[in-house]
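I opened my notebook to go through a protein model step by step. Below are the sequence and the structure that I looked at.

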Amino acid sequence: MADKKTKGRQKIEMKKIESEDGRLITFSKRRSGIYKKASELVTLTGSEIAILVFSQSGKPFSFGHPSIEAVANRFVGLNQAANDNTHPLAEAHRQVRINELNHQHNELLRQLDEEKEREKVLKQMRRGKETQPRWWETSVDELNHQELLQMDATIDNLHKSFLAKLNEKTTAASSSMAPPMYFYHK
């Protein structure tokens with residue numbers, strides 16, 4: 001047999017590949033997360049922002065509003081670049097829109113907080129009802145005179161409703177066969 005000039009098929013350790021890919025994925029996710037937060041900051045405050053990030057391999061990534069150049073020029077004290085032709089009227093309109101969106105955002109956050117508070121109250125009420133016995137499970141020995149009268153009235157109304165529904169169903173079922181049976185209360 002001839003000597004092999006290549007190593008042929010060999011097993012590749014997956015940990016090294018996963019680690020490199022994992023780092024790349026982590027970098028990409030974090031970079032996009034930073035860009036998203038920067039974009040929110042610009043939207044909510046109308047600020048100017050520039051971010052420059054270098055990956056481990058040295059590749060540059062940037063985010064800027066209104067642009068990297070405009071922010072860098074402002075940072076070093078230069079006037080606005082000649083190609084930065086944002087009209088003052090358009091900028092004023094943009095600022096008004098940002099203020100409107102901020103107001104809407106704050107209102108939605110306030111409503112969300114109110115709903116969360118309502119949810120807490122409802123959960124507490126639900127927990128309270130689950131721990132309290134139902135009126136029909138309460139021992140009559142524990143009730144005062146007024147509560148006994150209320151329970152009697154409630155049971156009486158329940159009994160009347162039951163008899164009315166029973167008569168209705170009996171009438172419907174027997175309308176074609178026999179004369180209806182009527183149930184009377186006391």
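**Entry 1: the aromatic rings**

I looked up Phe61 first, and with a relative accessibility of 19% Phe61 counts as buried, because buried means under 20% relative accessible area, exposed over 50% and partly exposed in between (1.4 Å probe, protein chains only). I noted that this is a predicted model, where local features need pLDDT of at least 70, side-chain atom pairs count only at pLDDT 80 or more, and totals for chains, interfaces and linings use all residues. Residues are numbered from 1 along each chain as its sequence is written, and side-chain values use heavy atoms, with hydrogens and water left out.

How many aromatic pairs does the structure hold? I found two aromatic pairs. Rings of Phe, Tyr and Trp (its six-membered ring) pair if their centres lie within 6.5 Å; planes under 30 degrees apart count as stacked, over 60 as edge-to-face and the rest as tilted.

Phe27 and Phe61 have ring centres 5.5 Å apart and planes at 55 degrees, so this pair is tilted. The pair links distant parts of the chain, with Phe27 in helix α1 and Phe61 in strand β2, 34 residues apart. Is Phe27 buried or partly exposed? Phe27 has a relative accessible area of 21%, so I wrote it down as partly exposed.

Tyr35 and Phe63 form a stacked pair, 5.6 Å centre to centre with 25 degrees between the planes. This pair also links distant parts of the chain: Tyr35 is in helix α1 and Phe63 in strand β2, 28 residues apart. Both Tyr35 and Phe63 are buried.

I also checked for a charge over a ring (NZ of Lys or CZ of Arg within 6 Å of the ring centre and within 35 degrees of the ring normal). Arg31 lies over the face of Phe61, at 4.0 Å from the ring centre.

**Entry 2: the core**

Next I looked up the nonpolar core (a set of buried Ala, Val, Leu, Ile, Met, Phe, Trp, Tyr and Cys residues joined through side-chain atoms within 4.5 Å). The largest one has eight residues: Tyr35, Ala38, Val42, Ile49, Ile51, Val53, Phe61 and Phe63. At least two residues of this core come from each of α1 (14-45), β1 (49-54) and β2 (60-65).

I then listed contacts (heavy atoms within 4.5 Å). Ala38 is in contact with Ile49, Ile51 and Phe63, leaving aside its neighbours within four places in sequence.

**Entry 3: Ala50**

Ala50 sits in strand β1. Its relative accessibility is 37%, so Ala50 counts as partly exposed. Not counting residues up to four places away in sequence, Ala50 touches Phe63, Gly64, Ile68 and Val71. Ala50 and Ser62 are twelve residues apart along the chain, and their C-alpha atoms are separated by 7.3 Å.

**Entry 4: the whole protein**

Helices (H or I, at least four residues) and strands (E, at least two) are DSSP runs, numbered from the N terminus. I counted four helices and two strands. From the N terminus on, their order is α-β-β-α-α-α. The protein has 186 residues, and 12% of them count as buried.

Last, I checked pLDDT (the predictor's confidence in each residue, from 0 to 100). The protein averages 78, and 73% of the residues score at least 70. Confidence is lowest in α1, at a mean of 73, and highest in β1, at 91. Over residues 12-19 the pLDDT is below 50, and this stretch has one contact in the model beyond near neighbours in sequence.
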